[in-house]
Amino acid sequence: MVTYEEFSVRAAAVEARIAAACHAAGRPPGEVRLLAVTKTHPADAARFAARHGLSAVGENRVQEAAAKRSELAAELPALRWELIGHLQSNKAGLAAATFDCIQSVDSEKLARRLDAAAGELGKTLAVLLQVNAGRDPAKFGAEIEDAPRLLEAALACPHLRVEGLMTIAPLGAHETETAEHARRTFANLREMRDDFRTRHGVSLPELSMGMSGDLEIAIAAGSTCLRVGTALFGGRG
Ligand SMILES: *Cc1c(COP(=O)(O)O)cnc(C)c1O
């Protein structure tokens, strides 16, 4: 785990990359938010993110996030916690209680379980629909063909607020191929969002795409949320 000083240098470098990519794409930097991915790191990672002025952290496991969130509840009450990892529907209750946003809703069953859990908690839960927009057999996410039905099911859930779409780009055999996969995956997600807007009259403002290695490509494709771990905190061992 890096020190706060190391983290600050890394965060400034990531922010400079974001600013340059926004400039190149002709987009205002305020359109793109940086989600600090603190998974596997101790609670200090979330402290560093908050101290740097970031408003949200991303985690991929429910129990790990619940433990960190309760450790930091008194100290950082305003920090937002977002789930970016696969969620089994039997953990929907704890997930709905722990997270401010669930970016990884990938099935109708999960959407309905989260809706019921949010209803019991008396809250409206922000969600993103995760789509396997790169058709990667190794990735979670609804298949492209199933996404319209997932959207309809999620929009019918009274305790869910569907804010947009999320995807992870497949790795390629080498750097050029990985970049090409990322470009195609992100363009697919953007196109799907634009299509949903037209067909369903929903705005779906959030496009969560881009990580440490492909954030420039994601910004060029219209990302509004970059999920960055390694570039901020170093390797996860
Ligand atoms: C771990 C993870 C990230 C962060 O990846 P880095 O390459 O470390 O920036 C982003 N999104 C998801 C879904 C992840 O699981």
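**Entry 1: Thr 40.** I began with Thr 40, which is partly exposed because its relative accessible area is 47%, where buried means under 20%, exposed means over 50% and partly exposed is in between, using a 1.4 Å probe and the protein chains only. I noted that the model is predicted, that local features need pLDDT of at least 70 and side-chain atom pairs count only at pLDDT 80 or more, while totals for chains, interfaces and linings use all residues. I also noted that residues are numbered from 1 along each chain as its sequence is written, and that side-chain values use heavy atoms, with hydrogens and water left out. Thr 40 belongs to the loop between β1 (33-37) and α2 (43-52); helices (H or I, at least four residues) and strands (E, at least two) are DSSP runs, numbered from the N terminus. Its phi is positive, about 70°, although Thr 40 is not a glycine.

**Entry 2: Arg 135.** I then looked up Arg 135, whose phi is near 50°, again a positive value in a residue other than glycine. Arg 135 is in the loop between β5 (125-130) and α6 (147-155), and it counts as partly exposed because its relative accessibility is 49%.

**Entry 3: the ligand.** Which residues surround the ligand? I listed Val 37, Lys 39, Ile 84, Ile 168, Met 211, Ser 212, Arg 227, Val 228, Gly 229, Thr 230 and Arg 236, where a residue is near a molecule if one of its heavy atoms lies within 4 Å of it. Sorted by class, this shell holds five nonpolar, three polar and three charged residues; Ala, Val, Leu, Ile, Met, Phe, Trp, Tyr, Cys and Pro count as nonpolar, Asp, Glu, Lys and Arg as charged, and the others, Gly among them, as polar.

A polar side-chain atom of Ser 212 lies 2.5 Å from a ligand oxygen, and an N or O atom in the side chain of Thr 230 is 2.5 Å from a ligand oxygen. For Gly 229, a polar backbone atom is 2.8 Å from an oxygen atom of the ligand. Taken alone the ligand exposes 390 Å², and the protein buries 88% of that, with areas from the Shrake-Rupley method and a 1.4 Å probe; for residues, only the protein chains shown count as cover.

The ligand sits in the largest pocket. I wrote down that a pocket, on a 1 Å grid over the protein atoms alone, is an open set of points with protein on both sides within 12 Å along at least five of seven lines, and that a molecule sits in a pocket if more than half of its atoms lie within 2 Å of its grid points.

**Entry 4: the loop between α8 and β8.** I found Thr 224 in the loop between α8 (215-220) and β8 (225-228), and Ser 223 lies in that loop too. Are these residues buried or exposed? Thr 224 is buried, because its relative accessible area is 14%, and Ser 223 counts as buried at 0%. The side chain of Thr 224 makes a polar contact of 2.6 Å with the side chain of Glu 206; such a contact is a pair of N or O atoms within 3.5 Å, and within protein one must be able to donate a hydrogen and the other to accept it, while residues adjacent in sequence count only if both atoms are side-chain atoms. Ser 223 and Leu 189, 34 residues apart in sequence, are 9.6 Å apart from C-alpha to C-alpha.

Entry 5: Leu 110 is in helix α5 (residues 108-121) and is buried, with a relative accessible area of 1%. Its C-alpha atom is separated by 9.4 Å from that of Ala 154, 44 residues away along the chain. Ala 21, in helix α1 (residues 4-25), counts as buried at 9% relative accessibility, and from C-alpha to C-alpha Ala 21 and Leu 110 are 35 Å apart in space.

Note on methods: 1 Å grid on protein atoms, 1.4 Å probe; cavity = no way out; pocket = protein on both sides within 12 Å on 5 of 7 lines; lining within 4 Å.
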